[in-house]
Structure formats: structure tokens, C-alpha cells
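Dear colleague,

Please find below the structure I am passing on to you. My notes on what was found in it follow directly after.

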Amino acid sequence: PDETLGVVTMPGWLLDEGVAATHAGDPIPGWFQYDDGVQEALGGDGRPRVTHVGGEPLEPDRLYRVATKVSDLTNGQSPPLKAYYEAHPEALPPKGAYVNIHAELMGFFARNMWRKLWEAIA
């Protein structure tokens with residue numbers, strides 16, 4: 001099946017809970033991945049907690065824009081994400097706004113390959 005990516009708004013507290021739910025223990029399907037601008041540390045409850053986003057301290061009530069697999073928000077692998085997006089379906093991107101991950105990656109790799117080929121023969 002195609003994997004689709006969408007951009008959603010997510011409150012800081014939910015970002016923290018979503019990471020905590022999928023990062024406790026071994027990696028699982030739906031493991032919440034993030035870039036080096038996000039930092040986490042073990043909280044008092046022993047679970048990983050998000051402490052920073054974009055190098056700035058996490059603000060629980062701030063809305064963050066998050067690019068993620070839309071199915072991971074609703075399939076139950078992260079109970080906090082599933083509960084929030086079931087209660088707030090309007091926060092999910094409309095179907096026409098999804099991006100096919102495989103097609104985007106293939107386009108990226110193809111552009112890089114052609115650039116390298118042209119540089120090699122120039």
C-alpha cells in the first residue's frame with residue numbers, strides 16, 4: 001500500500017505524549033520519528049519526554065506543524081494520537097493534501113542521480 005505523508009497541527013502536549021507512547025521500550029510500528037531539532041529526556045515517570053522542538057523548549061499549549069504519516073495518527077499505535085485525532089478529525093489534512101512518500105523519495109533520488117551523472121561527464 002502507498003504510504004502518505006501529511007502536515008498536521010499538533011499541540012505541544014500531544015507531541016510529547018505521542019513520542020512517549022511510541023518510544024517507551026523497543027521501537028514499534030508507528031514509532032514517532034523526528035529530526036535533530038527535537039530533543040527528549042527521561043521524565044519523572046521513566047518515559048521519554050520531548051523537551052525541545054526546533055532547539056527551543058517545548059511549549060505544551062503551542063500548536064506545532066508536524067509532517068507525518070497520516071495513518072500513524074489514527075491506527076492506534078500511539079493511543080494519545082489516535083484519541084486526539086478521532087476527537088478532532090478537522091485537524092487532519094484533507095485527502096488531496098497528502099503526499100505519497102515513495103513517489104517523493106524516488107523523485108529526490110532520481111534528481112540526485114541525474115545531477116551526479118551530468119557532473120561526472122561535464
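In these notes a residue is called buried when its relative accessible area is under 20%, exposed when that area is over 50%, and partly exposed in between, with a 1.4 Å probe and only protein chains considered. This is a predicted model, in which local features need pLDDT of at least 70 and side-chain atom pairs count only at pLDDT 80 or more, while totals for chains, interfaces and linings use all residues. Residues are numbered from 1 along each chain as its sequence is written, and side-chain values use heavy atoms, with hydrogens and water left out.

I begin with the charged pairs. Side chains of opposite charge can pair when their charged atoms come close. A salt bridge is taken here as a side-chain nitrogen of Lys or Arg within 4 Å of a carboxyl oxygen of Asp or Glu. By this rule there are eight salt bridges.

One of them joins the side chains of Glu17 and Arg49, with an N to O distance of 2.5 Å. This pair links distant parts of the chain, since Glu17 belongs to helix H1 (residues 12-23) and Arg49 to strand E3, 32 residues apart. Helices (H or I, at least four residues) and strands (E, at least two) are DSSP runs, numbered from the N terminus. Glu17 is partly exposed because its relative accessible area is 25%, whereas Arg49 has 14% and therefore counts as buried.

Arg49 lies in strand E3, which spans residues 48-53. A second salt bridge of Arg49 is formed with Asp45, where the closest N and O atoms are 2.8 Å apart. Asp45, at 47% relative accessibility, is partly exposed. A network of salt bridges links Asp16, Glu17, Asp45, Arg47 and Arg49. With contact meaning heavy atoms within 4.5 Å, and with neighbours within four places in sequence left aside, Arg49 is in contact with Asp16, Glu17, Ala20, Gln39, Glu40, Ala41 and Gly43.

A further salt bridge connects Glu119 and Arg115, with the closest N and O atoms 3.3 Å apart. These two residues are separated by about one helical turn because they are four residues apart in helix H4. Arg115 is partly exposed, at a relative accessible area of 38%.

Helix H4 covers residues 101-121 and includes Ile121. Ile121 has a relative accessible area of 64% and so is exposed. Together with Met113, Trp114, Leu117 and Trp118, Ile121 forms a nonpolar patch on the surface, with about 630 Å² of accessible area in total. Patches consist of residues with over 30% relative accessible area and no salt bridge, like charges being joined within 9 Å and nonpolar side chains (Val, Leu, Ile, Met, Phe, Trp, Tyr) within 5 Å. Accessible areas come from the Shrake-Rupley method with a 1.4 Å probe, and for residues only the protein chains shown count as cover.

Finally, I turn to strand E5. Thr68 is found in this strand and is buried, with a relative accessible area of 12%. Not counting residues up to four places away in sequence, Thr68 touches Thr4, Leu5, Gly6, Val8 and Leu73.

Yours sincerely,

A colleague
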